[in-house]
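Take a moment to look over the model below before reading on. We will walk through it together, one part at a time.

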Amino acid sequence: MHFDAFDSYLPGSSPVHRRDPRVKIVCCLLFILSAVLLPDGAWTGFGLAWLIVLAIALWGGIAPSVLLRRSLVAAPFALTALTLPFTLPGDPVAHWSLGRFALTISDAGILRFSGIVIRSWLAVQAAVILTTTTQFPDIVHGLRHLRVPDLITGILAFMYRYLFVLADEALRLLRARDARSAAAPGRTAGLPLRRRAGVAGGMVGQLFLRSLDRSDRVHRAMQARGYAGELLTMNPHVMARADWFALAAAGAVVLLPHILG
């Protein structure tokens, strides 16, 4: 099992890596809030916000190509607003008639659609910097320090920890299927589509049953070791003077797109 299949953390010793996770979480949330509050058409503000993201990424040793590639996860957000250029009232920019149907693109719709896409992209880039420079257990402990309910942080911690276990079980099932799918010389391996769908359904059921069995064994093992709902860490989180300075500086920087934009 390769843990980097889900872990996006990139080890480093940059100033961004060394900051307390609470500082990075708060800075990320402040930047996302600042980007969301930018009005439609604030192109200067959007540009300044992107320059801030790019500067922090370079300061943290993150290559722009890595930031761009990982931020492509924001692309599906565009689908939720894809109808706005055609439904929002405004001055027509383009018009097509297809018999009894007509499509009109308005300038207000394009403006709103562009704003939603850019805001989503900026927010995802901020989250990418957070997860790239901070280990996930540290993020969870940072959330606990910020008084996020223990139930939520506990669910996040166990979801992350045992996601790798479930992936390992899925790989075992795939390996067993491949071992039973050999073909005679001169013939291609594979089954009809209906049989393959049945095999895939059986594998999903087996994964569910194995997950239930594994969760029961993990629960008993945790109880035997005295687990009482406390998430422990080997990395003590202490706010240093540089962390307080970074937090204050971030509060001022996130206002720049609103002031100058």
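**A walk through the helices**

Phe 136 counts as partly exposed, because its relative accessible area is 22%; buried means under 20%, exposed over 50%, and partly exposed in between, with a 1.4 Å probe and protein chains only. Before we go further, please note that this is a predicted model, in which local features need pLDDT of at least 70 and side-chain atom pairs count only at pLDDT 80 or more, while totals for chains, interfaces and linings use all residues. Residues are numbered from 1 along each chain as its sequence is written, and side-chain values use heavy atoms, leaving out hydrogens and water.

Now let us turn to the rings. The whole structure holds five aromatic pairs; rings of Phe, Tyr and Trp (its six-membered ring) pair if their centres lie within 6.5 Å, and planes under 30 degrees apart count as stacked, over 60 as edge-to-face and the rest as tilted. Phe 136 and Tyr 160 have ring centres 4.4 Å apart and planes at 25°, so they are a stacked pair. This pair joins distant parts of the chain, 24 residues apart: Phe 136 sits in helix H8 (residues 136-145) and Tyr 160 in helix H9 (residues 150-179). Helices here are DSSP runs (H or I) of at least four residues, numbered from the N terminus. Is Tyr 160 buried or exposed? Tyr 160 is buried, because its relative accessible area is 18%. Another stacked pair is Phe 158 with Tyr 162, at 6.2 Å centre to centre and 15° between the planes. Both of these residues lie in helix H9, four residues apart, which is about one turn of the helix. Phe 158 is partly exposed at 22% relative accessibility, and Tyr 162 is partly exposed at 24%. Ring pairs also link Phe 136, Tyr 160 and Phe 164 into a cluster.

Next, follow helix H2 (21-37). Its 17 residues should span 24 Å at 1.5 Å a residue, and its end C-alpha atoms are 24 Å apart, so the two values agree; the expected span is 1.5 Å times one less than the number of residues. Among the buried residues of H2 are Val 23, Ile 25, Cys 27, Cys 28 and Phe 31. The cover over the buried residues of H2 includes helix H1 (15-18), H3, H7, H8, H11 and H12, where contact means heavy atoms within 4.5 Å.

Helix H3 (residues 43-59) also has 17 residues, and reaches 24 Å from its first C-alpha to its last, close to the 24 Å expected. Which residues of H3 are buried? They are Gly 45, Phe 46, Ala 49, Ile 52, Val 53, Leu 54 and Ala 57. These pack against H2, helix H4 (64-70), H7, helix H11 (241-253) and H12. Just after H3, Gly 61 takes a positive phi of about 75°.

One of the helices covering both H2 and H3 is H7, which spans residues 107-133 and holds Ala 127. Ala 127 is partly exposed, because its relative accessibility is 30%. The C-alpha atoms of Ala 127 and Ala 108 are separated by 29 Å, with the two residues 19 apart along the chain.

Finally, look at the surface. Val 253, Leu 255, Leu 256, Ile 259 and Leu 260 form a nonpolar patch with about 450 Å² of accessible area together. Helix H12 (residues 256-260) gives the most to this patch, with three residues. Leu 260 belongs to helix H12, and Leu 260 is exposed because its relative accessible area is 54%.

Definitions and conventions. Helices (H or I, at least four residues) and strands (E, at least two) are DSSP runs, numbered from the N terminus. Patches are made of residues with over 30% relative accessible area and no salt bridge: like charges are joined within 9 Å, nonpolar side chains (Val, Leu, Ile, Met, Phe, Trp, Tyr) within 5 Å. Accessible areas come from the Shrake-Rupley method with a 1.4 Å probe; for residues, only the protein chains shown count as cover. A salt bridge is a side-chain nitrogen of Lys or Arg within 4 Å of a carboxyl oxygen of Asp or Glu.
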